[in-house]
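Subject: Structure handover

Hello,

Please find the structure below, followed by notes on what was found in it.

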Amino acid sequence: MSSTVNSYFQSLKKECKNDSTLLLCRTTTPRIGDILQKLAPFLKMYGEYVKNFDNAMELVKTWTERSPQFKFIIQDIQKEKVCGNLTLQHHMLEPVQRIPRYEMLLKDYLRKLPQDSLDWKDAEKSLEIISTAASHSNSAIRKMENLKKLLEIYEMLGEEEDIVNPSNELIKEGQILKLAARNTSAQERYLFLFNNMLLYCVPKFSLVGSKFSVRTRVGIDGMKIIETHNEEYPHTFQVSGKERTLELQASSEQDKEEWIKALQNTIEAFQQRNETFRNAIAKEYEDMPVEVSNAELGKRAPRWIRDNEVTMCMKCKEPFNALTRRRHHCRACGHVVCWKCSDYKAHLEYDGNKLNKVCKDCYHVITGCTDSEEKKKKGILEIESAEVSGNSVICSFLQYMEKSKPWQKAWCVIPKHEALVLYMYGAPQDVKALATIPLLGYTVDDTPRSADLPHSFKLTQSKSVHSFAADNEDLKQKWLKVIHLAVKGETPECQNELQVNVEEQPESSKASES
């Protein structure tokens, strides 16, 4: 390692010697042009330093990660007053900026120097030599300035994001608002756009330390920018990446146009750098639909349809309501669907192959499972209410209480194909039962529990106690007729006569449901 370090940093001693010579000459003579002219040929050492700078930075980074002892030594040195609270990398940038400073010094010196001065010709010749050297290293210097900016951002992010890399280039940064998918509320965020990624950050309200926390890193590869229109929230646009899709709001129309232009230019530059795949990527970018295609399901983060943009499930077309059919988002296609249509989970590639809630259609596309295969996997509680209610011996709402728990309303069903089991759901359209009661062997007590519940009855078996209450006596007797048979292991001979559903319940029952 010592030989490698020497090869990277050996020119520093010579550079320091040159600076000391220049400083000494300044103090003994009023002329500097002739001194700079003599030292100008040695400026090639800065070129060597710049050329080795990337390797030197990488070496420091590697050993900081590999050796705790090296890391602690560097941290202790950086705490010293002479370092000015700057990192080692900041100090390593200083020699890179030396040539431009000499150039600026001579330009200012010549502006103020009389043309008849003895130092004029030497200063002019020195400026010519130094300007030539500066022009040769301009691209390297710009690269170093970019690295300095990367270091600043690295510190702003709490030194947790690995962004200090010579290949990374900061394109644009600034505040932005993010629109929430559920309620369209605007949340303050901060973006850092690089030549290969977009960092989506959350501000930290801290007086010291990091200023931002990275929420998502979205790669430029495959990114798509869509201009959106929202009457309530102007200046919006959408950033769709493989990792996530963001709905953003700029502070003004001009700010929006600047962000869209910067993002699109960055995408185009990225495609040009990857010339081998440029034609295929460009065509995919132009033809890419707004919605995620079947081929990309689970591989690309979708745009979430906002809750207020739909009034019914985008799969089964049933209207949403606040109680029994609430809104849910499919994590694969972004559609707003009901609980019944989103009771599936699949591994999504864009989210690190984690299990996510998806709709029925996306589940079948991603997993390849059919309806028949899925039904085989369902447990007894996962039988849909609508499935058993439409083919039941009896079904209706009943008040239910278990032991000393409070009374609650439940949709109760005894299916024809399972006439000895009572299923209880939260609502008629639920896709999963809250509980089931195998009725065989239970004791039935039809004595009302209290004057407040005159149409109640009770099922007991050992320590299990289940209390029910109907809305009227007629409904209670129908339930008791079926249950009396079921507890003895018998089924009704004429099931059609006993069948009761929600449509046949009295008006009082229907009113209580609403």
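What percentage of the 514 residues in the protein is buried? The answer is 43%, where buried means under 20% relative accessible area, exposed over 50% and partly exposed in between, with a 1.4 Å probe and protein chains only.

Some conventions come before the rest. This is a predicted model, in which local features need pLDDT of at least 70 and side-chain atom pairs count only at pLDDT 80 or more, while totals for chains, interfaces and linings use all residues. Residues are numbered from 1 along each chain as its sequence is written, and side-chain values use heavy atoms, with hydrogens and water left out.

Overall

The protein has 17 helices and 18 strands; these are DSSP runs numbered from the N terminus (helices H or I, at least four residues; strands E, at least two). Among contacts with a separation of 6 or more, 52% join residues 24 or more positions apart, a contact being heavy atoms within 4.5 Å.

Pockets

A pocket is an open set of points on a 1 Å grid over the protein atoms alone, where a 1.4 Å probe fits, with protein on both sides within 12 Å along at least five of seven lines; lining residues have an atom within 4 Å of a point. Points are joined across faces, edges and corners, and a volume is the space filled by probe spheres set on them.

The largest pocket holds about 740 Å³. Its lining has 27 residues, with Thr-64, Thr-87, Gln-89, Tyr-154 and Glu-159 nearest the centre. Two or more lining residues come from each of α4 (44–66), α5 (68–78), α6 (88–93) and α9 (138–156), and α4 gives the largest share, seven. By class, the lining has 10 nonpolar, six polar and 11 charged residues. Here Ala, Val, Leu, Ile, Met, Phe, Trp, Tyr, Cys and Pro are nonpolar, Asp, Glu, Lys and Arg are charged, and the others, Gly among them, are polar.

The second largest pocket has a volume of about 470 Å³. Lys-178, Arg-244, Thr-245, Pro-302 and Trp-304 are the closest to its centre, out of 20 lining residues. β1 (170–179) and β7 (245–249) each supply at least two of the lining residues, with β7 giving the most, three. This lining has eight nonpolar, three polar and nine charged residues.

Backbone

His-235 is a residue other than glycine with a positive phi, near 60°. His-235 sits in the loop between β5 (224–227) and β6 (236–240) and is partly exposed at 24% relative accessibility. Ser-462, also not a glycine, has a positive phi of about 55°. Ser-462 lies in the loop between β17 (456–461) and β18 (464–469) and is exposed, at 75% relative accessible area.

Regards
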